[in-house]
Amino acid sequence: ADQSLPLLREESGTQFTVEANQVKGVLFADLATVSGERFTIEATLPRHWVLDTIEAHPPEWLADRTLLPRGANQQLLRLNLARPISPARHLQLILRAHTRRPPAGQNAPEGFFTLASFSDLRESRRLINLQIDEPGSEFALASDLGFARLDADDLAARDLQLFESPPSGL
């Protein structure tokens, strides 16, 4: 982490939709700093994800973006902002991506369901919704990853806003 930059606060919701041949991911992230202002945001994305679109709200805050290789299995997304984020000025990002689905009967590799990891985080709260759109497919965690299962009916309105469409079966 770059000690000269103010640390970030992230609240995000990621929806993964598992289809017959691919997995689609939509990450909605609300980003602000814990203190101070910041003009640059970086996130690491696993290389298997193909980034389709990046949306920023407000859109005029996004000056430019770059996606660079980082080692054999990762890529670095760098967002330069025209206006800084701060504790009072939040930026909402929507990242849409897709990847090939692992073959039937094969476990997804560790970290498969991570779309992006923001750098320089001080605080983060992440919700994940996994939707299986193929009849007969099942999902099971191979190990305890520290996830807490939530009922979508119990989510607060603020949490529901972190998803593009209403989550089910969290």
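Is aspartate 120 buried or exposed?

First, the ground rules. This is a predicted model, in which local features need pLDDT of at least 70 and side-chain atom pairs count only at pLDDT 80 or more, while totals for chains, interfaces and linings use all residues. Residues are numbered from 1 along each chain as its sequence is written, and side-chain values use heavy atoms, with hydrogens and water left out.

Now the sheet. Five strands form an open sheet with mixed pairing, in the order β4-β7-β2-β1-β9. Strands here are DSSP runs of E, at least two residues long, numbered from the N terminus, and two of them pair if DSSP finds at least two bridges between them. At the edges are β4, residues 50–57, and β9, residues 121–132, each pairing on one side only. On average, neighbouring strands of this sheet are turned by 15 degrees against each other, direction ignored; the axes are lines fitted to C-alpha atoms, and angles run from 0 to 180 degrees between N-to-C directions.

Threonine 53 stands opposite arginine 96 in β7.

Next, two loops. Proline 58 sits in the loop between β4 and β5, the latter being 62–70. Histidine 57 and proline 58 are joined by a cis peptide bond, with omega about 0 degrees.

Aspartate 120 lies in the loop between β8, residues 117–118, and β9. Its phi is near 60 degrees, a positive value in a residue other than glycine. As for the opening question, aspartate 120 is buried, because its relative accessible area is 10%, and buried means under 20%, exposed over 50%, and partly exposed in between, with a 1.4 Å probe and protein chains only.

Terms used: Helices (H or I, at least four residues) and strands (E, at least two) are DSSP runs, numbered from the N terminus.
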